[in-house]
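Let's take a walk through this structure together, one piece at a time.

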Amino acid sequence: MTSLTHTKPVAVLPLSGGRVLFPGLVLRMQISVSRDSDSMAIIDNISKQFTQAALVACVPLLQEEGSKGTKEHEKGDLNVDPKRLFGFGVAARIVSFKAVNGGKGKAGRSSAASSSNRIVYAVALEGLHRIKIDAVVKSEPFLQVSVSTLETLGGLSPDLSGVIPKSATLERTQIEWRSATEYALETPELKALGATLAQCGLELTELLSQLQLPTQVLSQLRKTINEANASQLADLLASMIDLSVEEKLDLLAEREGVAKRVEKCVELVTRQIQVLKISQKIQTNVENKLGKQQREYILRQQLEAIKKELGESDAESGESSADPEFAALKKRLETLPLPEEAAKSTKRELGRLKRMPANMPEHQIIRTYLEWMSEMPWDIMSGSDSVDVQKAKMQLDADHFGMDGVKKRVLEYLAVGKLKKDLKGPILCLIGPPGVGKTSLGKSVANALGRKFYRISLGGVRDEAEIRGHRRTYVGALPGLIIQAMRKCGVKNPVILLDEIDKLTRDARGDPSAALLEVLDPEQNNTFTDHYLSVPFDLSQVLFIATANEADTISAPLMDRMEVIQIPGYTFAEKVSIAQTHLLPKQISTHGLDAVTVNIPQNTLMRMATEYTRESGVRTLNRHVAAVCRHLAVEYARAIERHALDSFNGTVSPIKLEEILGQPHFVSEVSERGMSPGVVTGLAWSSDGAGGLLFIEAMKMPGKGKLKRLGIVGVGGPDGDLLDGIDVHIHFPAGATPKDGPSAGAAIVTALVSLFLDQPVRPHIAMTGEMTLRGQVCPVGGIKEKVLAAHRGGVQRVLLPERNRKDVDEIPSDVRNSMDICFVKTIGEVLGLAFEDGVSGSRSGVKVVYESKL
Ligand SMILES: Nc1ncnc2c1ncn2[C@@H]1O[C@H](COP(=O)(O)OP(=O)(O)OP(=O)(O)O)[C@@H](O)[C@H]1O
């Protein structure tokens, strides 16, 4: 490559900020200069050049480390350090030059009328030729350099002065093209490259046309691409595409010839085309995804804006004429006496709902939430304010037989509530075996108070969210059981029965009993916050009653908040009375037998209770009563069909009972089992709170003496060790009876003693008590249930640990009086009472010796 030295030194116009001017193109820029003498000198020079249509060298500045370059640019200093000049530039003609802030058109000192210290000039420069900077000729008062014109097109060196057009008409557009700026030597290679580049250029124009450029510009661009030679085209396209400063400088200073520059340009333009194509593809994808919903949303927004302009907007009134449901919901919510937080939350959500298109998923979520809010009983009460204790007593008595202790406690509770004018106080927890009327007592309390009743079954609830609800962010979120109950009741003061509170379980999702703590605490539950509603709801007017089968599995903090009322199982006599007074009348009317005389005498009911049921409550008994009523209903219906009503007999004798119910299900096993040595009746207490009999059988089998010696009872025979050649098996028959461990200790020892003595224990005896190694009998739980079970099982003598004496008071007196209840401290006493003649009168010659190993 050769170059032609241009003789006259040229003034330098530095291009900061990564700007590069290519030949053939027009660059518009603003120069901000301070009013110091140096800057003014260059401005003077530039304006002189402008008037003479002379040249400046537009030379890109190399970026400096740090922020110095920026500072210089800000100062608008045209006197840059010569070292920062890039070695190549473009000789340019100044097409226009104007002061824009306060100047008077042409540049010069006269234009410095601005009050500012700086003057901003708008400059338009037309690139003519690539130049190489040979030397800095002068740096004061402004930079002047000597340059060589690069022979870019195969040796033809243009005469710079000759190509400068006389007219300065290029101001209108930046891409206006001047075909006379360079001369192309059309080698075949360059021609081919030029064609390729033109192709690329047209493709680029096509892509740009989608960016909604004015058609005039586009058609001019196409025309120019078609007309320009390869070199011109390369410069034109280079100015149009995204290039880094380095790439621009590389194209500006390309010294290997035009072909190389065009080739590089083809590459860069192709890259730009790819980028545009990819971004267009992404855009189309995104647009498709935006889909119908978003479009509708945007349209709605526009519609709202148009309505607003027309003064028809419903934004102020908040009424959506298009959605009557929304309007109704809003009205309902506005008329509700909502507490402050709830009012705020509903107002906010109403606003959101109004702005949201109906088919957005969140729309439905907000609407459901607002419906919940509108249906909550914020201040609706039921029943009278004051409690009528006498009326409540009558109601409880009418609904339930017996249960005196429980009824008394409930009435006390209500009386205190009446005096205090609210029912705040410990929550009542009814604990007892299944079927003893806990749930129905709760219902009866609600009736007595004239309040609504709702039962929440807590059995199997394992997730905290079931009590306290899910946050609205979850799909399908709902309020918890408590808030659901409140909505269903529709009043603020219902009686809510928390059934089976002992069956709450916990797992990884949290502890539901922890959530219940807040519900059951009278001091806190006026601001119970469900996760779904997320505003406090007042539960302080609710009367909570909990029920459980046993207290052991209820968490201690929960237990602490409740007052426990034990409901024991019923005795046979009580069951018979319940059947007579409640179960039978109900079943008679259920089976349509009101018109006839149904008579189930007491002895029949007693047989039904003793031989057909073995339960603490009255559920099975009720079922049997129902079965009898069904039988009578069939007989009565037949009698009507046969017109022989006289033949119908509504009396059920004990014999007839067997015809109806079949063979008795339970017989008294105690006396039978008590006859054989090694068999003892223990007493069990199952986890559901029911008591039962537990038979323990010990048996000798040939073997190797497998049984650990029990420390307290040395059992030795005349011929040495009793376990020689035998194994002892201890069996607990009646698999259906739930067994608990330690409380059968005394019974197991007694069974072993009975076995080795070969002496049966006395009949109709049962015992319970834990054993220590020293022979002490320790207290056990469930005494009441166990004694009632023993009574039901026909036991006449019960051995109980001495320290359980206090529990016996709770046993109904008729049961206590009908049994021989003995309290024992040691195994010696147990054995003494268990055998008819004590242990001394052994038939086997085996002696029982008590010795303490401690
Ligand atoms: N003392 C009673 N007087 C009249 N009816 C009774 C009495 N005890 C129980 N019942 C009746 O027995 C049936 C069962 O009672 P309920 O369902 O209340 O039992 P529960 O103790 O809640 O049992 P669970 O622990 O299994 O829930 C009810 O129909 C109830 O009316």
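Start with helix H16, residues 481-489: it lies across strands E8 and E9. Compare directions and you'll find that H16 runs at about 155° to E8. Keep in mind that you're looking at a predicted model.

Now for the sheet itself. Its 5 strands line up in the order E8-E9-E12-E7-E13, with parallel pairing, and the sheet is open. Strand E8 (453-457) and strand E13 (562-566) are the edges, each pairing on one side only. Ignoring direction, neighbouring strands here are turned by 25° against each other on average.

Zoom in on one pair of strands. E9 (residues 495-499) and E12 (residues 543-548) run parallel and are joined by 4 bridges. If you look for Leu498, you'll see it standing opposite Ala546 in E12. Another helix, H14, packs on this sheet too, touching E7 (427-431), E8, E9 and E12. The direction of H14 makes about 175° with that of E9.

H14 also takes us to the ligand. Which helix gives the most to the shell around the ligand? That's H14, with 3 residues. H14 (438-449), H19 (572-590) and H21 (619-641) each supply at least two residues of this shell. Of the 19 residues around the ligand, the ones that come nearest are Pro434, Gly437, Lys438, Thr439 and Ser440.

What sort of residues make up the shell? By class, there are 11 polar, 6 nonpolar and 2 charged ones. Domain 4 (389-566) and domain 5 (572-661) each contribute at least three residues to the shell.

Definitions and conventions: Residues numbered from 1 in each chain as written. Predicted model: local features only at pLDDT ≥ 70, side-chain atom pairs only at ≥ 80, totals over all residues. Near = placed C-beta within 6 Å. Nonpolar A, V, L, I, M, F, W, Y, C, P; charged D, E, K, R; others polar. Domains from an automatic or database assignment. Pairing = 2+ DSSP bridges. Axes fitted to C-alpha atoms, helices over the stretch in contact; angles between N-to-C directions. Contact = placed C-beta atoms within 7 Å.
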